[in-house]
Amino acid sequence: MGISEEFGMLAGAVIAGKHVEAGDLTAKLIDESVLPGEILEKGILPGMDVVGRRFRDNHIFLPQVLISARAMKTSMRILEPLMVPIIIGGAPINQKFADDIGAAGYVRNAAEAVELITKIISERKED
Amino acid sequence: MNSKERVKAAMDLKTPDRVPLMCQMSIGHMLQQLPVSPVEFWFDGDTFAEGLLSLREIYGFDGILISLHGHDPNWRNQIVERGNSEDGEVVRLKDGTTMIFGNDDLPQVDMQEAPKPGLAEINLEDLPKSLDYIPVSQGLHFRIDPRNKFGVIDTIVKRAGKEYSIHGEITSPFDYFLDLLGHQDGLMALIDDREKSKKILAHFAGLIEDLAVEMCDTGIDAIKVSSPFAGSGFISPAFYREFVAPFEARISHSIRKKGVHVYLHTCGAVRDRLELMFDTGASGIECLDPPPLGNVELEEAMKIASKKGFIKGNVDSVNTLLLGTDGDITSDAKDRIEIGKKVGGFILSTACSIAPRVKREKILLLKEAVERWG
């Protein structure tokens, strides 16, 4: 099975509100070294997009939306600890600016960036 | 015709001498209009009854809806502390619940609520064997005192039952179901385990049916079934058919067998399920929110209702009564009266309850309208 087919299956699981299946497919894609952002963008969000349109058009109602949201949350619980945090850096900005815009951190150079990302990921995994 | 006969004629789909007028009022609205303590109005059956009687007289309504029943005559014994806050009077009950009583809304409850059980954790054997509460809103229950289930109804029937149409109120099995599981989990449960959901709904339907049949013996003219979450803002017509209609039908049939009218109150957009609602055997439907709150146009609804049951409602309490001009209100009421009068079986009423801040003189315009054009 190709990756694009697996994304389609994940979207389908979200649309159908099959949360266990959505979780299993997400974990499988991670095992296959697919980036978390790609799983979100190509599997989960297209699924929720269909759900939103169907709800808007009265083809589905609240119970169906809620089980889809539950499936999305199941996938997100797996992805979130692995999502790369947004950090900013460089001479023109500072820690205060990073705090103001809600960035995960401020770094002065590339080496500090790697160090900070590693630290954040390991903290999230511990949580 | 007196008011009682007028409402009865409309509910019997006969022609009354004029279109009857009977609105249900939110607790907040009643508090705004009455010189009462919100705490006493909530807990004390006599104060509640006096308030309903007095507002009927002020507004000239043809009937009275008694939305709560089962007041504990010894309610003061349940209170351990009363104090004040900027949000209103604060009451602490023996069971640890803290309630805050403002003067324009239902009481707010601040309680250490036990987590709601998941569907899988519910043992059907452990469901309540009798109904001792009304699920008024999320987290807010009104306790039914088993020794005084219908005291407030008895008082009002005795004082006004010969002249005015007196209606009791029960809550739909679907509401009890959502209250048991929590609204979000309750809606998902309908998909996760349809059969178990239906067993729980059937259980509550049995208890509500018993309560309703008992209520019929008080001498009331009709019972309203409050079912606010059964509209298309929440569930599809297919789910309505599967999870709401059979259980409300069971209750409707038992009430009708006692010779008492029964009507279903579902808020919001219900246009796609009007026929299903009538198919439950209810003698009428209340609310029928017009756009923008709902999607029911009275003329179309009257055609669907024709010969099946009566309609009570269709005046928008917020956009017309609260925000509209006197001219808007009069013209809205006139339009509805003319449509309703043509077909018969129509009671002019606000769709949902009269909103708290609607001014008294606005409601009096409805009375003028039925007298002039009804």
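This is a predicted model: local features need pLDDT of at least 70, side-chain atom pairs count only at pLDDT 80 or more; totals for chains, interfaces and linings use all residues.
The pairing of E8(B) with E9(B), which covers residues 222-226 of chain B, is parallel and comprises 5 bridges.

E8(B) has another strand partner. Strand E1 of chain B, residues 63-65, runs parallel to E8(B) and is joined to it by 3 bridges. Within this pairing, Gly63(B) is found opposite Ser165(B).

**Aromatic pairs**

Over all chains, 10 aromatic pairs are counted. One of them, Trp42(B) with Phe142(B), is edge-to-face. Trp42(B) belongs to helix H3 of chain B (residues 38-43) and Phe142(B) to strand E7 of chain B (residues 140-143), so their contact ties together parts 100 residues apart in sequence. Both Trp42(B) and Phe142(B) are buried.

Phe239(B) and Phe243(B) make another edge-to-face pair, as the 70° angle between their planes shows. These two residues lie in helix H9 of chain B (residues 237-257), and because they are 4 residues apart there, about one helical turn separates them. Which of the terms buried or exposed applies to Phe239(B)? Phe239(B) is buried, because its relative accessible area of 7% is under the 20% cut-off. Phe243(B), at 1% relative accessibility, is also counted as buried.

The geometry of the two pairs is set out below.

| Ring pair | Centre to centre | Angle between planes |
|---|---|---|
| Trp42(B) and Phe142(B) | 5.3 Å | 85° |
| Phe239(B) and Phe243(B) | 5.1 Å | 70° |

Ring pairs also connect Phe43(B), Trp75(B) and Phe101(B), which together form a cluster.

**A charge over a ring**

An aromatic ring also meets a charged group in chain B. Arg56(B) places its charged end over the ring of Tyr164(B), at 3.6 Å from the ring centre.

Key
Residues are numbered from 1 along each chain as its sequence is written. Chains are lettered from A and ligands numbered from 1 in the order in which they are written. Side-chain values use heavy atoms; hydrogens and water are left out. Two strands pair if DSSP finds at least two bridges between them. Rings of Phe, Tyr and Trp (its six-membered ring) pair if their centres lie within 6.5 Å; planes under 30 degrees apart count as stacked, over 60 as edge-to-face and the rest as tilted. Buried means under 20% relative accessible area, exposed over 50%, partly exposed in between (1.4 Å probe, protein chains only). A charge sits over a ring if NZ of Lys or CZ of Arg is within 6 Å of the ring centre and within 35 degrees of the ring normal.
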